[in-house]
Amino acid sequence: MKTHISRSARLRRGVRRIAAHFVIILLTSTGSALADNSVKLQIAAKSDFNDPKNSVQEVQDRWLEITATAFHLDKPAAVRLEWTCYGDDLAARKVIKHASGKGAVELVQGQQASLKTKPIRFDFTPRHTVRTGSGRRARSKVIEAAGVRYHAWAVRAFIGDQLAGEAYSMPAIKKLLDGGK
């Protein structure tokens, strides 16, 4: 014989299960954030672009302003920051590694350190049409896209050879940075 469980009892059981999952996720994420030699990265992507009036070509200069904060450092540590910017190769129609670089900051427990990357130039021409001829015989010619357009960024922090923190503009970029597709 089956026992009847009321709707409110099932609802309470579901709420408890969801609350338990939430607490587990909260504890695991807090634990990893407070682990020894972990670095929290905050990235501000900045840009300056040229919008020419007489041309369809676009030129963008982009840079990253990286702020690193250390958790549980016993003594000041040198942190190596490695950054990579990816672009869309418009002719090949794929994402490519456009520029990368390294920098170092000295981190002290509870304090922030900042690093600004060098500007990276993205120069591209989007797909467009050009009118040829005039009057009734005018035609439009399609000009395909060319150049490299900005796509995303990735930043990793290392203390010694150990990965201490990472940040990505989009989750799929981690696969590109690790070499997989």
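1. Arg80 is partly exposed, at a relative accessible area of 27% (partly exposed lies between buried, under 20% relative accessible area, and exposed, over 50%, with a 1.4 Å probe and protein chains only). Glu82 is partly exposed as well, at 23%. The side chains of Arg80 and Glu82 form a salt bridge, 2.9 Å from N to O (a side-chain nitrogen of Lys or Arg within 4 Å of a carboxyl oxygen of Asp or Glu).

2. The model is predicted: local features need pLDDT of at least 70, side-chain atom pairs count only at pLDDT 80 or more, and totals for chains, interfaces and linings use all residues. Residues are numbered from 1 along each chain as its sequence is written, and side-chain values use heavy atoms, with hydrogens and water left out.

3. Six salt bridges occur in the structure. One of them pairs Glu166 with Arg156, at 3.6 Å from N to O. Glu166 belongs to strand S10 and Arg156 to strand S9, so the pair ties together parts 10 residues apart in sequence (strands are DSSP runs of E, at least two residues, numbered from the N terminus). Arg156 is buried, at 16%, whereas Glu166 is partly exposed, at 34%. Through shared partners, salt bridges join Arg156, Glu166 and Lys174 into one network.

4. The largest nonpolar core comprises 27 residues, and Val39, Leu41 and Leu107 have the most contacts inside it (such a core is a set of buried Ala, Val, Leu, Ile, Met, Phe, Trp, Tyr and Cys residues joined through side-chain atoms within 4.5 Å). Strand S9 gives the most to this core, with six residues.

Terms used: Helix = DSSP H or I, 4+ residues; strand = E, 2+ residues; numbered from the N terminus.
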